Amino acid sequence: MRKSSLTRFLVRLVTKPYDLDMLKELDRMGRIHTPLGGNTSINVQLIHMQALLGFLQDAVLGEFFSFKTSGVEGAEEFDLQGTTRAFCKVMTVLCQFISKWYEDPRTQPGYKKPRNSPALPMLALWSILGAVAIGVFAFFTK
């Protein structure tokens, strides 16, 4: 179950548009693995989540490099540098979405009680993720 869920998430990460649904999915990845996010049945330590992200990033980057040197049609035109840089940025943002669920916001400097208004930083982040995703998706649109 976990392996298939992870596979589906990775496929979505590199093939689907970076819209509000994707941001909710990125946020959910952190929330479902920690009691602070409301899930008392699973408590994965942050170090293990970060190690998994590092392993996944290494595996995907390995596939990018393998494709570039494979001789397959389109491999020569594949923008390895741009795709690698974009994917690393996406993984960094994903790590931040996960990490935020491991911090008690009330202990953070500048904490203010949340209001029921839309989160403008999330909208700004959506724009950044959309721009970053272009490089990652270049591989899949050729």
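**View 1. Helix α2 from its cap onwards.** The N-terminal end of α2 is capped by D19, which has a side-chain oxygen 3.2 Å from the backbone nitrogen of D21. The helix itself has twelve residues, and the distance from its first C-alpha to its last is 16 Å, close to the 16 Å expected at 1.5 Å a residue. The buried residues of α2 are M22, L23, E25, L26, D27, M29 and G30.

**View 2. The whole chain, for orientation.** The chain holds five helices and zero strands, and from the N terminus on its elements run α-α-α-α-α. Of its 142 residues, 30% count as buried, while the accessible surface of the chain comes to about 9500 Å², with 60% of that area belonging to carbon and sulfur atoms. Among contacts between residues at least 6 apart in sequence, 68% join residues that are at least 24 apart.

**View 3. The largest nonpolar core.** This core has 24 residues, and those with the most contacts inside it are L13, L26, F64, F87, M91 and L94. The elements that give two or more residues to the core are α1 (2–15), α2 (20–31), α3 (46–68) and α4 (80–99), and of these α4 gives the most, with eight residues. L94, one of the residues with the most contacts inside the core, touches F9, L26, M29 and L53, again leaving out residues up to four places away in sequence.

**View 4. Helix α3 and what covers it.** Helix α3 has 23 residues and reaches 33 Å from its first C-alpha to its last, close to the 33 Å expected at 1.5 Å a residue. Within this helix M49, L53, L56, V60, L61 and F64 are buried, and what covers the buried residues of α3 includes α1, α2 and α4.

View 5. C88 has its place in helix α4, and at 22% relative accessibility C88 counts as partly exposed, because the value lies between the limits of 20% and 50%. The residues that C88 touches, not counting those up to four places away in sequence, are Q57 and L61. The C-alpha atoms of C88 and Q57 are separated by 7.3 Å, although the two residues are 31 residues apart along the chain.

View 6. S99 has its place in helix α4, whereas I47 is found in helix α3. At 8% relative accessibility S99 counts as buried, while I47, at 53%, counts as exposed. These two residues are 52 residues apart in sequence and 9.6 Å apart in space, C-alpha to C-alpha. S99 touches L46 and Q50, with residues up to four places away in sequence left out.

**View 7. G38 in the loop between α2 and α3.** G38 lies in the loop that runs between α2 and α3, and G38 is exposed, with a relative accessible area of 59%.

**View 8. Confidence along the chain.** The mean pLDDT of the chain is 80, and 78% of its residues reach 70 or more. Where pLDDT is low, the predicted coordinates should not be read in detail.

How values were computed:
Residues are numbered from 1 along each chain as its sequence is written. Side-chain values use heavy atoms; hydrogens and water are left out. A nonpolar core is a set of buried Ala, Val, Leu, Ile, Met, Phe, Trp, Tyr and Cys residues joined through side-chain atoms within 4.5 Å. Buried means under 20% relative accessible area, exposed over 50%, partly exposed in between (1.4 Å probe, protein chains only). Helices (H or I, at least four residues) and strands (E, at least two) are DSSP runs, numbered from the N terminus. Contact means heavy atoms within 4.5 Å. pLDDT is the predictor's confidence in each residue, from 0 to 100. The expected span of a helix is 1.5 Å times one less than its number of residues. A polar contact is a pair of N or O atoms within 3.5 Å; within protein, one must be able to donate a hydrogen and the other to accept it, and residues adjacent in sequence count only if both atoms are side-chain atoms. Accessible areas come from the Shrake-Rupley method with a 1.4 Å probe; for residues, only the protein chains shown count as cover.
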